[in-house]
Protein chains: 2
Amino acid sequence: MTDATRRNFLRYVGMVGGAGVMYQTMAAMGLAPDPAAPAFAAPRADDLQGKGKSVVILGGGIAGLTTAYELGKAGYKVTILEARMRPGGRNWTVRGGTEETDLRGITQRATFSKDQYMNAGPGRIPQHHITLDYCKELGVAIEPFTNQNADGYLFREGSSKLSNTPIRHRAAKADVYGYVSELLAKATDQGALDSYMSAADKENLISFLKSFGAIGNKVPGDAAASFKYTGTGRKGYSVAPGAGLEAGTPLAPDALSDVFASGVGNYFSFEFGWDQAMMMFQPVGGMDRIPYAFESAIGKDKFVYGAQVLSMNNTAAGVSVEYTNPGGQAKLIEADFAVCTLPPHIAAKVPGNLPADVIDALKFASPSDAGKIGIEYSRRWWEEDHRIYGGITNTNIDLGNMWYPSTGFHGQRGTMVGYYNTGASARVYKELSPEKRLGRALDQGARIHGDVYRKDVAASFSVDWGSTAFSEGAWVGWSSQTDAKYARLLEPSGNIYFAGDHLSHAIAWQHGAMTSARAAVTALHTRAAAMVAG
Amino acid sequence: MTDATRRNFLRYVGMVGGAGVMYQTMAAMGLAPDPAAPAFAAPRADDLQGKGKSVVILGGGIAGLTTAYELGKAGYKVTILEARMRPGGRNWTVRGGTEETDLRGITQRATFSKDQYMNAGPGRIPQHHITLDYCKELGVAIEPFTNQNADGYLFREGSSKLSNTPIRHRAAKADVYGYVSELLAKATDQGALDSYMSAADKENLISFLKSFGAIGNKVPGDAAASFKYTGTGRKGYSVAPGAGLEAGTPLAPDALSDVFASGVGNYFSFEFGWDQAMMMFQPVGGMDRIPYAFESAIGKDKFVYGAQVLSMNNTAAGVSVEYTNPGGQAKLIEADFAVCTLPPHIAAKVPGNLPADVIDALKFASPSDAGKIGIEYSRRWWEEDHRIYGGITNTNIDLGNMWYPSTGFHGQRGTMVGYYNTGASARVYKELSPEKRLGRALDQGARIHGDVYRKDVAASFSVDWGSTAFSEGAWVGWSSQTDAKYARLLEPSGNIYFAGDHLSHAIAWQHGAMTSARAAVTALHTRAAAMVAG
């Protein structure tokens, strides 16, 4: 087969059999070196024989944008109704001049300096997410997101000796891995695990543990002295290795009991996560480069901003959607199909003729809350004073996670995420005024970084997603993603399709919104192509 | 004290007591939030009361450049003799047009495309190295160096089941940490380690291991079934979590015996290293942005390029150095002081009146070899086909480490480091012609990446540091850095000082060259200032 023939064949397989069958066919053809990459065949104009159908898309977030963009490739006439005055939904980059009134009626206006910004919603992209494919296709430049830094801190409030003090990730790892290695090497050597391992396994394991934990050798006849962890330069130095005779003074290990009591190791697995392990990426200049690139590719004329949906109905001819335009006038749009990408708990409240089981399914989703604050400093004290270049400080206090900026290294200014928290921690800040949120964030952050944390603050902006209009939550959870209620939304209701990260197994990721949109596009297009062919 | 008074006081302490005393004084004054950062007080013009001394610097590598730059701040008249036609020494960025003839007489001319390059020497900078301070001071922009990537490969030749096949870092970690956690949790729970841990320690440890290894719970009364590692999505997926009902199919765990027999865990500790843990950085546009920035700050008129040293002598008045200029003429330069930054094994061969103990000390260093190949591809197949965005693939075959580029993501082209090897592996390639080095690198790399590795090769350039003129080695080792021979070079020989990464505990790092140069500058300047003060 030529490349073109192969592509056409696969598109045919994808349209007839769906993505799963297409993927297996690709794998059988030896075309899928990365089996984790989802297959998708974008609709083509040929498929509709020039008889483009019209589609109204509710919501101009990532799912709505992906839907419009992919359908647009096949010549569908798309209209995107978006309640906000910008594309992207929760993909929202706050810059100087950004103004937002929350559901409490409190207005914030960001005063960040030029080139300073805060990604209030999604902030990072793993390598394997199709978000990167869209960045490439749309020409959105990317740069590394610093999701891990050995010199970032772990801070855990508590009553153990190592509680309430910042500990560098590297220091925590050195001690935890040292003691884990010592203990497992001892148990292995003493025969405690002989029923699980052969002699060769034991030898291989101990060889690994020596490297992993920087532990000592076996002391024949002295189990207690064997495989001792006595510290390592991996932990860091009180005096760094330097010129001449300065070999450096490694930080001493903390005691085993203190290390495990502190809980500092409980964050390590974050860095191994499928969606969180480095390398991670972000668009250069702000996450909203993605929605604006979509908007440009789709055509700005296809968007109605400030459009609040009043009703959606299946009709004999297709669908009809009423909305208010920014001038407050009620408008009606009719189309062959609709794709509803509104958050399910908001879609459930839209009047119309969706059947009760669909409304029930939409209501089945539980919104979760999350909050973030961006704090611009006029001095990059984290680099200058703490020698931290990007990365995350993780806490068990209400700050949750703190992000040092992934860009602008060595510049004059920088914008930290002072907290990124969820659940009960998010609720602590939710009820506060923007000024009090900043005050609390500074007080809490100073426990970790010292008084420098309160100095040189140039601007701040906080968002609580639960009290953000048109979102009313950061993302949703389902008590089950295998039951009939969830599954109901994967099928169209008449001519209305549903899409969004909430209809995926990558909830709260743009990847989820994109894969869900692709599934809706494939389903809608297969039907439309059959209608045209029929 | 005012800031200015404080700075002057510290400078005084530094000059009188040296960096160690100054650092302790700073710490006592609460001025040293990061104790690992070395203190240094740059010489000032005031110190010499307008009576600038002359210094000839042998070698325009990082140590020579740092020396010239810092002395220049105090008005010293510096001259840098550099045998190459460029600054930087082993800090060398190969671009299209770079030409080099090795000690075998073989000439390579790089044909890399515009904006493509290979850092043939140093390639990465840890956060805590003063290399970053110089980048900041000299205005050299930096960006992350991708020293770690969960989706890079581990490849280990051998006879185990998992040998001879590429394994993603994330997959290796998931299995190793899973089994380590299962085994240690079992041993702990069964009381095998009771003599080392309290009941609370055991509980805390098991809590950590559950998170760290993604293992199961205790099954009361069934030790074998307790805390089982049965796989995790952290390892990766054969089908990724996606839209609708697609929860993903995690890759199954490999068997414990196979995992430990493979040795894949033996590389993990690299990522915890003091000098290697993320975040790491590189200058935007090539490592040689650093030497060129130094050159510009020092003044190009201070450099004599193509200057090969013929002799160096202490004289009654100071020092005299003979060299050939690029036209082949012998020249003589006299100065108050010299700082010799030549590699010690090369300095030892320079005729002159250095005493025998100094020559012995210079000869005491043992040069090590290392090699690198840069391979430019006209397609970023590692991103497109393998979904690898930067990072390292580590092997136990003669390739050593392979680096995917840290920049140019989603671009048209990219330049990999196809091998970065040392010792016996470096010697395999050392003896080959540039063409045969590339051929072998492609054959070996194809074992990991498949046939794609041989396609779309646009250019390549290889360096073997042992056969590189004016270096004759990648770096040096000492059998001891506490003995008198090594220490001899930390003192001047008459008016000749020595500096270089070889005189530090950060050998092979620019940081080592810089800290050593600072130590030489401090010693020389203290002496010169005392002479002036009379």
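This is a predicted model: local features need pLDDT of at least 70, side-chain atom pairs count only at pLDDT 80 or more; totals for chains, interfaces and linings use all residues.
Residues are numbered from 1 along each chain as its sequence is written, chains are lettered from A and ligands numbered from 1 in the order in which they are written, and side-chain values use heavy atoms, with hydrogens and water left out.

**The interface**

Chain A puts 90 residues into the contact and chain B puts in 90 residues. Together they bury about 7900 Å², 63% of it on carbon and sulfur atoms; buried area here is the accessible area (1.4 Å probe) that two parts lose on being put together, summed over both. Four salt bridges cross the interface, each being a side-chain nitrogen of Lys or Arg within 4 Å of a carboxyl oxygen of Asp or Glu. Lys136(B) pairs with Glu384(A) in a salt bridge, the closest N and O atoms being 2.9 Å apart.

Which elements give two or more residues to the side of chain A that touches chain B? They are helices H3 (130-138), H4 (169-189), H5 (199-213), H6 (256-262) and H14 (510-533), plus strands S8 (142-145) and S11 (237-239), of chain A. H4(A) gives the largest share, nine residues. Helices (H or I, at least four residues) and strands (E, at least two) are DSSP runs, numbered from the N terminus.

Met279(A) sits in the loop between H6 and strand S13 (280-283) of chain A.

| Residue | Phi | Loop in chain B |
|---|---|---|
| Arg387(B) | about 55° | between helix H10 (381-384) and strand S21 (391-395) |
| His410(B) | about 70° | between strand S22 (401-404) and strand S23 (414-422) |

Arg387(B) is buried because its relative accessible area is 8%, and His410(B), at 14%, counts as buried too. The cut-offs: buried is under 20% relative accessible area, exposed over 50%, partly exposed in between (1.4 Å probe, protein chains only).

**Cysteines and Lys73(A)**

How many disulfides are there over all chains? The count comes to zero, taking a disulfide as a pair of cysteine sulfur atoms within 2.5 Å. Cys135(A) counts as buried at 1% relative accessibility, and Cys340(B) counts as buried at 1% as well.

Lys73(A) belongs to helix H2 (residues 62-73) of chain A. Is Lys73(A) buried or partly exposed? Its relative accessibility is 33%, so Lys73(A) counts as partly exposed. Beyond its neighbours within four places in sequence, Lys73(A) is in contact with Ala42(A), Pro43(A), Arg44(A), Ala45(A) and Glu137(A). The C-alpha atoms of Lys73(A) and Ala520(A) are separated by 15 Å, with the two residues 447 apart along the chain.

Notes. Contact means heavy atoms within 4.5 Å.
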